[in-house]
Structure formats: C-alpha cells, structure tokens
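Dear colleague,

I am passing a structure on to you with this message, and my notes on it come after the display. Please read them with the coordinates open beside you.

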Amino acid sequence: MKALCWEGVNKLSVEQVPDPELRNDQDVIVRLIAGTTCGSDLHLIGGYIPAMRAGDVIGHEFVGEVVETGSAVRRHKVGDRVVVCSFVGCGRCWYCANDLWSLCDNTNTNPGIGQALFGYETAGIFGYSHAMGGLRGSHAEYVRVPFADYGAFKVPEGVDDTSALFVSDSVPTGWMGADLAGVKPGDVVAVWGCGAVGQMAARAAVLKGAERVIAIDRIPERLAMTERYAGAETIDYTTTDVAAELRERTGGRGPDVCIEAVGMEAHSDGPMHLYDQVKQQLRLQTDRPTAVRQAIHACRKAGTVFILGVFASAVDKFPLGAVINKGLTVRGAQMHGQRYIPMLLDRLAAGEIETAQLATHTLSLDEAPTAYDMFKEKTDGCVRAVIRPGS
Amino acid sequence: MRKLWWAVPVAVAGVTAVRRSRTGEWRQDRWLTVTVNRPPMDVGSEGMLPPPLDGLAERIDVRIRPAPGDRGTELAVRFKEPVSAASASVPARLTGQDPRQELRRALRDAKSLLEAGEVLRPDAPPTTRPTPGGRLVEVFTRRSGGEGVL
Ligand SMILES: NC(=O)c1ccc[n+]([C@@H]2O[C@H](COP(=O)([O-])OP(=O)(O)OC[C@H]3O[C@@H](n4cnc5c(N)ncnc54)[C@H](O)[C@@H]3O)[C@@H](O)[C@H]2O)c1
Ligand SMILES: [Zn+2]
Ligand SMILES: [Zn+2]
C-alpha cells in the first residue's frame with residue numbers, strides 16, 4: 001500500500017510499504033477515509049522528537065472504516081465508521097482505569113527509551129517515533145489499531161467524516177486543557193496559539209462557562225476563525241503588548257487560567273527568539289518555550305497554567321521564580337482522548353462544537369508532502385490540511 | 001546526526017546505571033518491580049507465578065504484596081544468584097547478554113497479560129529503509145523492552 005514516510009529531517013515522501021496485519025487479538029485494521037496534519041507532526045518532521053527512523057509512516061488523527069477485526073474484539077465489526085484516538089490505551093491498567101489514557105502502562109513497545117528520557121514512558125501514539133510507542137502512523141491506505149475496543153469510536157450518523165476527524169486528537173486535546181486547568185464560570189481564560197488545538201481549547205473554555213476567553217496568535221485568518229467559531233476575543237501578539245493588553249482586559253488581575261497551545265517551535269520577534277533558536281540548533285536546549293514563559297508571566301497570582309503544546313526534553317530560561325512566588329499551578333499532559341471522545345461526538349452532533357472549518361484544504365495521499373509544506377508554512381490560510389487516501 | 005540528539009541522554013542513562021552498579025549505589029541484586037492493577041490473588045503466589053515469569057521460576061525470588069491505596073498488587077522479582085558485573089556491563093547490555101533484560105521483559109509481559117490480556121506487538125516490519133541512523137535506533141528499540149528503570 002501507499003503511505004507517507006518520514007525520510008529524515010524535513011524530508012517526507014510517499015512510498016510503498018507492506019500492508020498492516022493483525023498482530024494482536026484486540027487489533028482491528030482500518031481503511032483510511034481521512035487523516036489530518038497536526039502541529040505535533042511538525043516537531044517530528046523537524047527532527048525535534050527522538051527516535052525516528054527513515055521510512056517510518058507518520059500521521060495520528062484519522063477516521064476510517066473497519067475492514068478486519070481480531071478474535072478478541074467485541075465492540076466493533078467490519079463496516080463500522082470509526083474515529084480513532086491518537087493515543088493507544090489498554091483500558092485496564094491503573095492509568096487507563098483512572099482516565100489518564102496517554103499514560104497507559106501497556107501500549108509503548110519501547111518502554112526503555114521513554115524511561116531514559118522522562119523517568120517513565122508514555123503510552124503509545126500512532127506514527128510518533130519509536131520513543132512514543134513504535135506504532136505505524138495513519139497517513140496510509142490502511143492502519144492497524146491496537147486495543148480497538150477502547151480507542152476506536154463509532155461516528156454518529158449525522159456527523160460527517162471531516163467533522164469527526166478532528167475528534168481524534170485536536171478537539172479532546174483542547175477540551176482536556178480547559179477541563180484539567182479547572183476552567184469554571186466567571187474565569188477569564190487566555191489561550192496561546194490559534195491552531196486547531198488552541199481554537200478547540202478556546203471553544204471548550206467558552207462551553208465551560210468562562211466569562212471571557214482571549215486567544216493569542218499572529219495569523220489573521222486563524223484569529224478571525226477563532227473569533228467566529230470559538231466565540232473568543234483575540235490578540236495579535238506581533239502588534240500588541242500581550243501582557244499589558246491582558247492586564248487591561250482583566251481589571252489588572254491577569255487571566256485566571258492560561259492555556260498554552262503552541263509547543264516547542266514557538267515564534268517571536270524579540271531578541272529571546274534568536275537566543276532560543278541558536279541554543280536549540282546547538283542542542284543546548286531542545287525546545288523553544290516562548291509562549292510558556294509569557295503565559296507564566298501573564299497569569300494572575302495563584303492562577304493555573306496548562307501546557308498543551310508538545311515539548312520533547314529541556315528548556316532554558318524557565319521562569320521558575322514566577323511559578324513559586326506567584327503561587328501558580330503549572331500542569332501539562334498529552335491528551336487523554338478516550339475520556340472525552342464520546343461526549344465530544346455528542347456535542348458535535350448537537351452543533352455545540354464545529355470543526356469542519358479547520359479543514360481549509362483537502363489533498364490526496366500522493367500530495368501529502370505538499371499538504372505538510374502548506375501546513376508548516378501556514379500558506380494560503382491553511383489551518384489543517386486533510387489527506388484523503390481514496391481521492 | 002542532528003536527529004540523533006536524543007541518543008545522548010538515553011546512552012548517558014545507560015552508562016550512569018552501569019557506573020552506579022559498580023559503586024554499589026545501584027546493586028545488581030535490586031528487586032525489579034511493577035505494580036499490576038489486579039488484586040493479589042489474581043497475580044499469583046510464590047509457587048504459582050503468572051506467565052511468562054513461570055518459565056524463570058527456578059532462578060528467581062518473587063515478592064507479591066498489595067499496593068497501597070487501591071493501586072493493585074506490587075510484583076517484584078530478582079535472580080537468586082546476583083548478576084555478575086561483567087554481565088551487567090555496557091557491552092553485555094548492548095548485545096543482549098545481560099540476563100536482567102530477559103527478566104525485565106518477562107516482568108513487563110506478565111503485567112500486560114494480567115491487565116490487558118495480551119502483550120502489544122509492534123508493527124512489522126518496523127520500517128522499510130535501512131540507514132545508519134535507523135540502525136542505531138534499532139539497537140535501542142531491540143533492547144528497549146529489557147532495559148529502562150525497572
Ligand atoms: N497535548 C497533546 O496531547 C497535544 C495533542 C495535539 C497537539 N499538541 C500540540 O499542540 C500544539 C499546537 O498544535 P496545532 O496542531 O494547533 O499546531 P499549529 O502549528 O497549527 O498551531 C500553532 C499556532 O501557534 C501560533 N504561535 C507560534 N508562536 C506563538 C507565540 N509565541 N504566541 C502565540 N501563538 C504562537 C502559530 O502561529 C500557530 O497558529 C503543538 O505543539 C502540538 O504538538 C498537543
Ligand atoms: Zn495531533
Ligand atoms: Zn492502560
């Protein structure tokens with residue numbers, strides 16, 4: 001079959017690879033209907049995520065049709081249209097049982113690498129390096145889905161493929177940020193980054209009753225989309241002093257909750273950007289935490305900062321002093337999708353959350369490298385490029 | 001080599017482990033432990049070990065006790081005969097000669113079988129393109145199931 005492979009730093013190509021097979025009794029094989037580019041892939045394509053091998057198939061957000069089921073699969077049958085959570089959870093370890101699915105103990109096939117890097121390994125994720133599971137990605141004609149009874153969800157009748165697609169990863173990620181940061185009625189919430197993840201975090205904060213939600217980015221079409229579909233206010237950080245603006249809009253207090261949805265390749269115009277980039281290139285730091293620093297600084301005293309953006313290892317100039325002296329709660333997580341996906345599909349069906357607007361471009365699998373170029377450079381108003389292997 | 005930066009912390013973790021074991025700070029006879037999200041009676045007993053640990057029963061000591069706070073059962077194992085320094089050396093570990101690798105793997109597999117009913121297997125083949133960098137990753141992934149902090 002055809003698949004999109006990582007061939008080295010900033011090198012993607014469409015290759016022939018063997019078809020996936022059932023390798024465990026709880027697996028299903030899914031024929032791809034659609035997949036999407038994700039900000040997390042950019043970190044991986046750029047070589048910032050450890051343990052990639054040339055020839056690895058990438059992609060982790062997808063919707064498709066079940067074409068084969070393992071002998072122990074109970075909840076799915078051939079023909080089901082499913083959206084699949086990007087993280088794989090076994091459903092029965094302590095972490096899964098406590099709804100902390102991206103921390104599952106039993107789905108990373110290379111635990112030693114993650115343990116050396118982080119102390120303990122994460123769960124496995126599709127197409128996201130040998131450190132984070134060693135599972136093949138979904139930008140292909142077919143993909144194997146382990147523990148499918150827990151990670152694949154039937155898409156309700158009234159929800160179309162493209163809308164359902166984002167429930168794989170960006171919608172639950174954004175929701176988790178607002179949920180685990182404890183957003184409640186009366187809060188002012190600031191969100192850094194208006195990619196799909198930031199937009200969904202902003203929408204979740206609105207639905208959880210936040211008084212005001214303020215989203216921050218520099219790309220005009222993303223800011224406009226966030227205003228329209230999330231119902232948030234926005235700030236362009238290239239033309240506005242973000243900290244001062246947030247102070248002014250919050251009666252001098254600062255936001256109660258700050259959600260970071262930018263990640264390790266954050267952009268800025270200031271002198272710190274050059275410093276961060278040089279250190280990152282020299283591998284003296286692995287990640288650029290511009291938005292994290294700003295969020296910690298802007299947050300009100302005793303507020304909460306939630307980091308949704310992906311970071312791989314070490315950062316420099318982390319404002320620890322602000323964290324302790326202002327009494328902040330700083331938290332982060334990879335997404336516990338299985339915890340939220342059924343509820344989010346219901347909200348999608350009810351029209352409370354809209355996602356179709358994120359799919360600004362649709363391309364075939366052969367054009368997938370172009371899709372990633374557009375998404376990376378954010379050209380032609382690209383928010384997410386959807387890849388349809390069947391087209 | 002830009003994309004191989006991560007190999008440095010991973011290798012350092014390995015070398016540090018060996019150095020600690022030499023200084024006695026990290027002993028080769030330390031218990032390897034996992035917590036299984038099942039009650040002790042499901043996990044087994046000294047005479048009735050869960051597979052695949054049962055295959056090593058002659059050579060290992062086993063300790064099974066309830067974990068605090070409803071966290072299941074602590075399952076700990078170690079070789080009756082402590083592993084020699086030579087078998088725990090970096091070359092032995094890279095070539096898969098350290099017997100603790102087999103034990104760690106069996107312990108992890110036992111936990112997976114007890115909790116999830118199967119041991120997740122990676123896709124095969126893992127990749128279709130052999131490159132020097134890829135081969136290095138392969139060395140790490142081949143040993144990874146038997147290494148780590150257990
Ligand atoms: N925690 C999780 O489980 C999880 C899941 C999915 C994605 N992610 C991560 O979330 C992040 C966002 O993903 P995405 O798909 O929305 O990516 P994206 O690249 O589409 O969006 C990132 C946005 O951040 C903006 N940005 C850059 N620097 C900024 C700054 N200094 N201040 C404010 N905005 C800035 C960019 O203009 C862009 O619009 C990535 O790091 C991704 O890896 C995490
Ligand atoms: Zn993603
Ligand atoms: Zn689990």
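This is a predicted model: local features need pLDDT of at least 70, side-chain atom pairs count only at pLDDT 80 or more; totals for chains, interfaces and linings use all residues.

Over all chains, the structure holds three aromatic pairs. One of them joins Phe62(A) and Phe126(A) in an edge-to-face arrangement, with 5.2 Å centre to centre and 90 degrees between the planes. This pair links distant parts of chain A, since Phe62(A) belongs to strand 5 (residues 62–69) while Phe126(A) lies in the loop between strand 8 (124–125) and strand 9 (142–145), 64 residues apart. Both Phe62(A) and Phe126(A) are buried.

Another edge-to-face pair is formed by Trp94(A) and Tyr95(A), at 5.1 Å centre to centre and with 90 degrees between the planes. Trp94(A) counts as partly exposed because its relative accessible area is 23%, and Tyr95(A) is likewise partly exposed, at 29%.

Charged side chains also meet rings in chain A: the charged end of Arg75(A) sits over the ring of Tyr150(A), 5.1 Å from its centre, and that of Lys378(A) sits over the ring of Phe375(A), 4.8 Å from its centre.

As for chain B, it has five helices and three strands, which follow the pattern α-β-α-β-β-α-α-α when read along the sequence. Of its 150 residues, 43% count as buried, and the accessible surface of chain B comes to about 7800 Å², with 56% of that belonging to carbon and sulfur atoms. Among the contacts in chain B with a separation of 6 or more, 67% are between residues 24 or more positions apart.

Technical notes
Residues are numbered from 1 along each chain as its sequence is written. Chains are lettered from A and ligands numbered from 1 in the order in which they are written. Side-chain values use heavy atoms; hydrogens and water are left out. Rings of Phe, Tyr and Trp (its six-membered ring) pair if their centres lie within 6.5 Å; planes under 30 degrees apart count as stacked, over 60 as edge-to-face and the rest as tilted. Helices (H or I, at least four residues) and strands (E, at least two) are DSSP runs, numbered from the N terminus. Buried means under 20% relative accessible area, exposed over 50%, partly exposed in between (1.4 Å probe, protein chains only). A charge sits over a ring if NZ of Lys or CZ of Arg is within 6 Å of the ring centre and within 35 degrees of the ring normal. Contact means heavy atoms within 4.5 Å. Accessible areas come from the Shrake-Rupley method with a 1.4 Å probe; for residues, only the protein chains shown count as cover.
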